[in-house]
Amino acid sequence: MMFEPELEGMSRLELEQLQLERLQATLTRVSRNVPFYCKKFEELGIDPYDFQSLADVHHLPLTTRQDLRDNAPYGLFAVPLREVVRLQTSSGFSEGTTVFGYTLGDIRKWSRLTARVLAAGGVGREDVVHVAHGYGLSTMAFGMHYGAETLGAAVVPVSNGNVRRQVGIILDYRATTLSCIPSYALYLADVMDEMGVNRNVLPLRWGLFGGEVWSEGTRETIQERLKIVATDNYGVSEIMGPGVAGECLERQGMHINEDHFLAEIIDPMTLKPLPPGEIGELVLTTLTKEALPMIRFRTGDLTRLLFEPCACGRTMVRMERIHGRSDDMLIIQGVNVFPERIGAILVETHKAEPDHLIVVDRHGGLDRAMLLVEANMVAPDQIKAQQKFIDLTRQRLAMELGLVFEVKLVERSTIAELQTGPNRVVDRRKF
Amino acid sequence: MLILKNVDIFYSRVHAVRRVSLHVNQGEIVALIGGNGAGKTTLLTTISGLLRSSGGSLHFDGQDITRLRPEHIVAAGISQVPERRLVFKPMSVEDNLLLGAYQRRGLKMRNQIQQEIRQVYEMFPVLGQRRKQSAGTLSGGEQQMLAIGRALMAKPRMLLLDEPGMGLAPALSQMIFRHVVELRDAFGLTVLLVEQNAKCALRIANRGYVMETGRIILQGSSEELQLNRDVQRAYLGREVEQQ
């Protein structure tokens, strides 16, 4: 079901006209009302009105989280504070405070966009939506809450504490929809096991998950354990919060609400636009935000855009699940490598994600990449099976990344010894 | 139906309209609001071909009308109702209406045109009562009806209305706006409406664009625009009311 079928299914031609109109109006407003952008356009010698088509968007300057911090709290707002009806802040980022404002119009639009995401994930008027995101300064809970109400569903604003009580509430209120971060869903499933809840009496049907990076494997586990249809959705607080993109029931990537957000993929190092279909950093421009418009905001999230038409009938472009953060990107032999992508390739190849570690060093000026994989994937005495595992992994990595890794099977303890930080990378190169 | 992309217009030496993009879908009423001198009328006059754009493109129903002559634009299906309801004052009401069908003149058309004049009289009975009177003797509201009726005689699919409520008593201008909605509902007419009276215009429009000094600064559904504080303050007089 589409919440706004006439918009979600509009032709690409109509969409591009709408995007152009909205982008031009946004540029006019920011260059009049936001000194930061006014100055930036002037410095770069950009005339925001000299704008012929959407393809010109990459001439505009990028906006970063640092820009938001430098101008905190209200420096980037395009309206006076008396027109702002809500202030939120980002989850996850601790360096300095940033504040995101919404006008009444922004809140209405936000509600409709999250309603689209919920409807795409299967939710309808009859559903009871259990929102287990933390209610507070972060945008997830309120975004999904308003969306569910706008859709006409019943919202249970549980927030994220007291997990045993949550299980009771799901059963008692007959919640049909769970909205939370994916790891919380797994936690709920564990607690249900502890409590001896019979899975077959669970009223849940739909799960809408967002707010953290998760994998296809985790989706399968959640769907299996909670007996629900799990969809991915994507939000960025700086841009709006949830409601930026959401999966339909095809579960082949998240439809970006392109009538409100203009999406680009850039190379995080060169900052140049990448050809369609390549993995890079997602850059978003708001097209309708009133209080805090963002021009080419660097989300730091890595994904690729899927332009093929979707079976659901939505014409909005899809983005793949987030592959990771651009800050974590490695460049090995000139190839951009995202550590999360390697984990995903292991899952695709072997249907399991073994513990692993990427070790990069440099010999005679050449980068060398090594992948250490926990050995318990294969029985230790089966040399042939081990060799097959190694070959297959190496082939798949070479095919997907265009980079030859030396693959080694090691004990788990070896990985623990070598690991220096929380991520699965050891970079021994000296630059 | 109507798509404008990056339209630039110079009015004598003034850059009156800058990089304006807008669209009107089939069967929609779209309001173009903004203060005096924002460039609204200039834009409308350019759509009907009386002014030329110096950049950008205009498309109507897939046809490029950017460089089309006014009479060809009328033939394509766009009729403008000019500001201050410019009717031909010494001429009778009926002759004014006949002039509207000027492009379709011809022997075989006569019955057809008479039939259409009757339709206009049905919609605006007062015009029928005064069909022999010269247009100059009509009241402001009646002249506005005549101007709309005359535009309809060209059998347009799209109507460009320039300040239909200007200088009319509130009750009269509201009646004119009601007629605009009727035209859309009964004949499937698409309407682009220029108005300084944002309140009335947004009440009947599906969507709107707000122009300021030659540029579009806001666009959205009528509901969204009515909620917008900038629009309220600048064009709806909301805060003045509250104080």
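The model is predicted: I required pLDDT of at least 70 for local features and pLDDT 80 or more for side-chain atom pairs, while totals for chains, interfaces and linings use all residues. Residues are numbered from 1 along each chain as its sequence is written, and chains are lettered from A and ligands numbered from 1 in the order in which they are written.

**Entry 1. Cores**

I defined a nonpolar core as a set of buried Ala, Val, Leu, Ile, Met, Phe, Trp, Tyr and Cys residues joined through C-beta atoms within 7 Å. A residue is buried if 20 or more other C-beta atoms lie within 10 Å of its own, exposed if 12 or fewer, and partly exposed in between. Which residues have the most contacts inside the largest nonpolar core? I found A:Val244 and A:Leu284, in a core of 86 residues. Setting aside neighbours within four places in sequence, I listed the contacts of A:Val244 as A:Tyr234, A:Gly235, A:Val236, A:Ile239, A:Ile256, A:Asn257, A:Phe261 and A:Leu284. I noted a second, separate core of 70 residues, with B:Leu2, B:Val17, B:Met145 and B:Ala151 among them. In soluble globular proteins, nonpolar side chains tend to be buried together.

**Entry 2. Domains of chain A**

I used domain bounds from an automatic or database domain assignment. They divide chain A into domain 1 (1-326) and domain 2 (330-427). The C-alpha centres of domain 1 and domain 2 of chain A are 32 Å apart. Across the boundary, nine residues of domain 1 of chain A are in contact with eight residues of domain 2 of chain A. I classed Ala, Val, Leu, Ile, Met, Phe, Trp, Tyr, Cys and Pro as nonpolar, Asp, Glu, Lys and Arg as charged, and the others, Gly among them, as polar. On that basis, the side of domain 1 of chain A that touches domain 2 of chain A has four nonpolar, four polar and one charged residues.

**Entry 3. Sheet β10-β11-β12-β15 of chain A**

I took helices (H or I, at least four residues) and strands (E, at least two) as DSSP runs, numbered from the N terminus. Two strands pair if DSSP finds at least two bridges between them. Four strands of chain A form an open sheet in the order β10-β11-β12-β15, with antiparallel pairing. Why is one side of β10 and of β15 of chain A left without a neighbour in the sheet? β10 (261-266) and β15 (324-325) of chain A stand at the edges, each with a single partner strand, so one side of each has no neighbour there. I found six bridges between β10(A) and β11 (residues 280-286) of chain A, and A:Ile265 stands opposite A:Leu282 in β11(A).

I then looked up A:Gly300, which lies in strand β12 of chain A. A:Gly300 counts as partly exposed because it has 19 C-beta neighbours inside 10 Å. A:Gly300 and A:Asp327 are 27 residues apart in sequence and 6.9 Å apart in space, C-alpha to C-alpha. Not counting residues up to four places away in sequence, A:Gly300 touches A:Glu281, A:Arg325, A:Ser326 and A:Asp327.

**Entry 4. Sheet β20-β19-β18-β21 of chain A**

I recorded an open sheet of four strands in the order β20-β19-β18-β21 (chain A), with mixed pairing. Its edge strands are β20 (406-410) and β21 (425-427) of chain A, each pairing on one side only. The twist averages 20° from one strand to the next. Strands β18 (residues 356-363) and β19 (residues 366-374) of chain A run antiparallel and are joined by eight bridges. Within this pair, A:Ile358 stands opposite A:Leu371 in β19(A).

**Entry 5. Backbone exceptions**

Most residues other than glycine have a negative phi, and most peptide bonds are trans. I found a cis peptide bond between A:Ala72 and A:Pro73, with omega about 0°. A:Pro73 lies in the loop between α4 (65-70) and β1 (84-88) of chain A. A:Arg251, not a glycine, has a positive phi of about 55°, and sits in the loop between β8 (241-247) and β9 (254-256) of chain A. A:Arg296, not a glycine, has a positive phi of about 45°, and sits in the loop between β11 and β12 (297-303) of chain A.

**Entry 6. Chain interface**

I found 17 residues of chain B in contact with 14 residues of chain A. In chain B, β1 (2-11), β2 (14-24), β10 (215-221) and α9 (222-227) each supply at least two residues of the side that touches chain A. The residues of that side of chain B divide into six nonpolar, five polar and six charged.

Notes
Two residues are in contact if their C-beta atoms, placed from the backbone, lie within 7 Å. Axes are lines fitted to C-alpha atoms, for helices over the stretch in contact, and angles run from 0 to 180 degrees between N-to-C directions.
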